[in-house]
Amino acid sequence: MTSSALFVHAEGADWISPEPGVTRRIMVYLPEMMMVEVAFEKDAIGAAHSHPHIQASYVAEGSFAVTIDGKTEVLKQGGSFIVPPNLVHGVTALEKGRLIDTFTPHRAEFLK
């Protein structure tokens with residue numbers, strides 16, 4: 001990631017593909033917080049998982065079936081959700097879309 005400590009330009013962030021039909025890039029982070037852009041192809045799945053971080057996500061584009069702790073709701077562009085630590089959660093892209101995920105503290109495993 002080519003950036004200063006406080007500013008990151010879109011062209012400076014590397015995209016990776018953690019799952020089929022899903023790509024992500026770290027937008028910016030400090031030890032206390034991380035912001036990540038995640039792009040999904042239609043029908044792509046962000047597999048159910050849990051982690052000790054608080055996660056807040058914003059639907060920047062598209063629509064998603066979001067499941068948190070066994071409860072599922074459909075969120076469209078402009079919607080958001082928050083996941084407390086250690087709850088199982090995942091998403092399915094109902095159309096091509098993007099999420100902006102924030103984590104506190106940062107996800108150290110994303111930096112490897």
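Predicted model: local features only at pLDDT ≥ 70, side-chain atom pairs only at ≥ 80, totals over all residues.
User: What makes S1 and S2 a pair of strands, and in which sense do they run?

Analyst: Strands count as paired if at least two bridges are found between them. S1 and S2 have 3 bridges in the antiparallel sense, so they meet that cut-off of at least two. One of the contacts is that of Ile 16, whose bridge partner in S2 is Arg 24.

User: How many residues lie between S1 and S2 in their hairpin, and which residue in the turn has a positive phi?

Analyst: The hairpin formed by S1 and S2 has 2 residues between the strands, and Gly 21 in the turn has a positive phi of about 75°.

User: How do you know that S6 and S7 are paired?

Analyst: The pairing of strand S6 (residues 63–68) with S7 is antiparallel and runs over 6 bridges, and because the definition asks for at least two bridges, the two strands pair. Within this pairing, Ser 63 has Lys 76 of S7 as its bridge partner.

User: Why are S4 and S7 called edge strands?

Analyst: The open sheet consists of 4 strands in the order S4-S9-S6-S7, with antiparallel pairing. S4 and strand S7 (71–76) each pair on one side only, and they are the edge strands. Between neighbouring strands of this sheet the turn is 20° on average, with direction ignored.

User: What makes a residue part of the lining of the largest pocket, and which residues lie nearest its centre?

Analyst: A lining residue has an atom within 4 Å of a point of the pocket. The largest pocket, with a volume of about 300 Å³, is lined by 20 residues, and Glu 19, Arg 24, Gly 46, His 49 and Asp 101 are those nearest its centre. At least two lining residues come from each of strands S1 (15–19), S2 (22–30), S3 (33–40), S4 (45–49), S9 (89–93) and S10 (97–104).

User: How is the lining of the second largest pocket made up by class?

Analyst: The second largest pocket holds about 190 Å³ of space, and of its 11 lining residues Asp 14, Ile 16, Ile 26, Phe 110 and Leu 111 are the closest to its centre. By class, the lining has 6 nonpolar, no polar and 5 charged residues. S2 gives the most to this lining, with 4 residues.

Key: Residues numbered from 1 in each chain as written. Heavy atoms only, no water. 1 Å grid on protein atoms, 1.4 Å probe; cavity = no way out; pocket = protein on both sides within 12 Å on 5 of 7 lines; lining within 4 Å. Points joined across faces, edges and corners; volume = space filled by probe spheres on them. Nonpolar A, V, L, I, M, F, W, Y, C, P; charged D, E, K, R; others polar. Axes fitted to C-alpha atoms, helices over the stretch in contact; angles between N-to-C directions.
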